[in-house]
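Trainee: I would like to see how labels are given to parts of a protein. Please show me one.

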Amino acid sequence: MREIFEIFLKFFELFITGYASIYILVYVAMAVGSFLAIKRYNNAKYTIKDEVLVKSNNLVGVSIVAPAFNEGLNIIYNVRSLLSLNYPNFEVVIINDGSTDDTLDKLIREFELVKVNFYYEEKIPTRPVRGHYKSTNPVYSKLLVVDKENGKSKADASNAGINSAKHPLFLCTDVDCILRSDTIMKLAKPFMTSKSRTIASGAAIRASNSCEVKDGFMMKIRFPQNWWASFQELEYIRAFLMGRMAWNEINGLLLVSGGLGLFDKEIAIKAGGYWHKSLGEDMELITRMRKHMYDNQLPFKITYIPESLCWTEVPATREVLIRQRVRWARGLIQTLYLHKDMLFKRKYGKTAFLILPYFWLYEFLVPILEVLGLTVLILSFFLIDVNTPYFVKATGVVYLFYLTVTLLSVLWDEVFYGHYSRKREVFQLVWKAILEPIAYHPFNVYAAMKGYFHFLTNKEQKWGNMQRQGFTTAKKKTLDETHISKT
C-alpha cells in the first residue's frame, strides 16, 4: 500500500508542478494583457470624449431592463435613480415579477401610471404578462412598467423586459443596483465606435456595503467594514481588472455580469434570450450569443470597461455567501456541460480552442485539485515521510504568486481610478489580500465542491432568502435571492 501511494504521489507531484507552472504563465500573460487593455482604454477616452457624444441627439437608443420582486421598501428611490442617468435616448423598463407586496401599487401612485394598450410580441417565451403601465405625467415619459406572473427567476423577468423594450440595445441590471450617472454612455460607446459589431459590453462592479446612499443615489464610496463583504470587494477588483480586462484584450470574454451588462437586443433574441433554468444565466447567454455569431459567420466583439460603474450589496454572512457561490459553481459547470459540443470545433475559433478549455481546466478544475492536494497531503503524513522543505517551498510559491496577482490588481485600481478617499481603506484592502488565501478562500472551495455535487446529483436548487443589511441611510430589507444574479 505504501509503495503504491509513493508511486502515485510522485506522479501527482509532477502533474501539479506542471499544472501550476502553466497556470502561473497564463496569469502572467493575463497580467500583461489586462495592463495593456486598461492603458489602451484610458488613452482612447481622450480620442472621442463622452461629454461630446452625450450632447448628440443621434445616439443609439438604450432600454434599461430591471426586474423587481417585492421591492416595495425602496422601489421609488431605485426607479428615480435609474431615470436620472445622463443619456439623451433611453427608457427604463421595470418588470414587476409577480410581487406579493405593494411594489406595483407604489409605482402606480408615485409615477401616476395607467394601464395602456401595448403591442407586446413574445419573441422570447416567458410567464404571462398581465399588462403594461405608462405615466400620464410627461416628466416620467421614459418609464415603462411591465406587470407579469412570477417566473421564479430573474431570467424570465428579464426576458419579458427585453420583449417590451423599444430600443436596439438593452442594459440588464438589478433594480437595487446603484449606477454611476454616465453608465449608459460608457457602455454604449463601444457599440458606436467599434469596427466589428459589438454584441455586449460590461463594466466593473463593486460592493456597496458601508457606502452612503441617499434616496437611491451614491453619496460616498467606502470600503466595506463587514468581514465577508470586504473580501468580496477584493475579489471583484481582481476579477474585473486582472481577469476580464485580459480576456477583453483578445476578444475572449465569456461572461458579462448579470448585475450590469449592455446587449445587442437583436442578437440576444436570436440566441434565445436568457435561459430561465440556468443558474448562471449571464454566462450562458454570452456563450449562446458567441455561438450564434460563429454559426452565422458574423464578426463580433464583446468589450469590458475597467471603470467601476455599478455598486451592489454583496452577501454579508457566511451562509448567504456560500449559498450564492454554490449557485455560481453549479451555473459554471451547467453552462460548460451544456455547450460541450463547441469544444475543439474549428468554426467556433478561439472559443473552442482557448476560452472553453481555460474555463474547464482552470475555473472548473482548480477547486477539485485543491481538495485532492489537501487530501494527498493529509494521507502523506500517515503513510510516508513528508518532504517538508518541498512542501513549504511549494506552498510559499503559490501563496506569494496569489498575493502578487491580487496586489497588482489593487495597485492598478488605485493608480488608475482611486475610488477610496482615505489611504487607510487601501491598507485595509492590502491586509485582506494577505489574509484571503487562509481566511476566505477555503469557503469558496467548499462552496464550489458543493455546487458540483449538486449538479452531479441533480439536486433541486433552493434559493432561500438573502438578508440584506442595507446602506448606512436605509433600513434592512429581505429579498428573494432568485432575483439576485451578480458577477
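Mentor: Start with residue classes: Ala, Val, Leu, Ile, Met, Phe, Trp, Tyr, Cys and Pro count as nonpolar, Asp, Glu, Lys and Arg as charged, and the others, Gly among them, as polar. This is a predicted model, where local features need pLDDT of at least 70, side-chain atom pairs count only at pLDDT 80 or more, and totals for chains, interfaces and linings use all residues. Residues are numbered from 1 along each chain as its sequence is written, and side-chain values use heavy atoms, without hydrogens and water.

Trainee: Which classes make up the lining of the second largest cavity?

Mentor: The lining divides into 7 nonpolar, 1 polar and 2 charged residues. Among the lining residues are Phe 240, Ser 308, Arg 206 and Asp 413. Helix H7 gives the largest share, 4 residues. Helices are DSSP runs of H or I, at least four residues, numbered from the N terminus.

Trainee: Why is Phe 35 called partly exposed?

Mentor: Buried means under 20% relative accessible area, exposed over 50%, partly exposed in between (1.4 Å probe, protein chains only). Phe 35 has 33%, so it is partly exposed. Its place is in helix H1, residues 2-44.

Trainee: What makes helix H3 mostly covered?

Mentor: Count its buried residues: 7 of the 9 in H3, residues 75-83, are buried. Ile 75, Asn 78 and Leu 83 are among them.

Technical notes:
1 Å grid on protein atoms, 1.4 Å probe; cavity = no way out; pocket = protein on both sides within 12 Å on 5 of 7 lines; lining within 4 Å. Helix = DSSP H or I, 4+ residues; strand = E, 2+ residues; numbered from the N terminus.
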